[in-house]
Amino acid sequence: MLRITKDGVPSLRAPSKEVPLPLEEKDRKLLMDMLEHLKESQDDSFREKHPSVREGIGLAAPQAGVNRRLLVIHYPKDGEGNYQTYCLANPRIVSQSVKECYLESGEGCLSVDKEHPGYSYRSYRIRVEAYDALLGQKVLIKAIGFDAIVLQHEIDHLDGILFYDRIDKKDPFLKKPGAIAL
């Protein structure tokens with residue numbers, strides 16, 4: 001089980017460095033450890049035995065104390081046992097929509113224990129170029145809605161940005177015209 005870096009640690013706010021491709025063994029191992037952490041965090045019986053572990057769907061390397069451009073995403077896509085899973089190196093957003101969206105329930109983060117109520121607006125559609133370690137090749141990911149929010153949240157970590165940085169300080173629940181609530 002990984003130790004999650006918490007808000008307030010300066011490295012969480014530092015930009016991450018790109019990793020060389022093909023992936024070095026240490027980067028591949030970190031990605032697999034991060035994926036295993038997410039899978040365990042989603043297991044009810046595991047969390048019962050480890051009450052300090054919070055359930056997560058995404059994890060970026062800075063949250064594991066390593067400032068490298070690596071991230072993992074793993075969550076159920078449907079009720080039929082299918083998962084959305086990525087193990088990405090050097091992801092970058094290459095295009096994004098003007099249309100925005102947000103989670104009505106607000107975003108959360110394994111590195112942020114304190115509540116930060118409000119809406120974090122993000123692009124509704126994005127395209128991300130990255131190297132996918134599970135596929136062993138470069139990929140172009142087209143993400144919409146929730147998928148786009150999760151990718152943007154994790155990519156923000158690689159740039160030292162936390163979700164609450166995107167919440168309007170004066171009006172946290174400001175509803176932007178045309179933005180899609182999810």
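The lining of the largest pocket in this predicted model divides by residue class into seven nonpolar, six polar and four charged residues. The pocket itself has a volume of about 290 Å³, and of the 17 residues that line it, I57, G58, G108, C109 and H153 are the closest to its centre. Among the elements of the fold, helix α3, which covers residues 146-158, gives the most to this lining, with five residues.

A second pocket can be described in the same terms. The second largest pocket has a volume of about 230 Å³, and its lining is made up by class of five nonpolar, five polar and six charged residues. Those 16 lining residues include E107, G108, E115, H116 and F163, which lie nearest the centre of the second largest pocket.

In soluble globular proteins, nonpolar side chains tend to be buried together. In this model the largest nonpolar core has 19 residues, and L23, L31, M34, L59, L70 and V72 are those with the most contacts inside it. The elements that give two or more residues to this core are α1 (25-41), β2 (70-76) and β3 (83-96), and of these α1 gives the most, with five residues.

When its neighbours within four places in sequence are left aside, V72 is in contact with L31, M34, L35, L38, I57, G58, L59, Y86 and C87.

The last stop is D159, which lies in the loop between α3 and β8 (180-181). Is D159 buried, partly exposed or exposed? Its relative accessibility is 36%, so D159 counts as partly exposed, since that class lies between the limits of under 20% for buried and over 50% for exposed. Not counting residues up to four places away in sequence, D159 touches P15 and R69. D159 and I4 are 155 residues apart in sequence, and their C-alpha atoms are 17 Å apart in space.

Conventions:
Residues are numbered from 1 along each chain as its sequence is written. This is a predicted model: local features need pLDDT of at least 70, side-chain atom pairs count only at pLDDT 80 or more; totals for chains, interfaces and linings use all residues. Side-chain values use heavy atoms; hydrogens and water are left out. On a 1 Å grid over the protein atoms alone, a cavity is a set of points where a 1.4 Å probe fits but cannot get out, and a pocket is an open set with protein on both sides within 12 Å along at least five of seven lines; lining residues have an atom within 4 Å of a point. Grid points are joined across faces, edges and corners, and a volume is the space filled by probe spheres set on the points. Helices (H or I, at least four residues) and strands (E, at least two) are DSSP runs, numbered from the N terminus. Ala, Val, Leu, Ile, Met, Phe, Trp, Tyr, Cys and Pro count as nonpolar, Asp, Glu, Lys and Arg as charged, and the others, Gly among them, as polar. A nonpolar core is a set of buried Ala, Val, Leu, Ile, Met, Phe, Trp, Tyr and Cys residues joined through side-chain atoms within 4.5 Å. Buried means under 20% relative accessible area, exposed over 50%, partly exposed in between (1.4 Å probe, protein chains only). Contact means heavy atoms within 4.5 Å.
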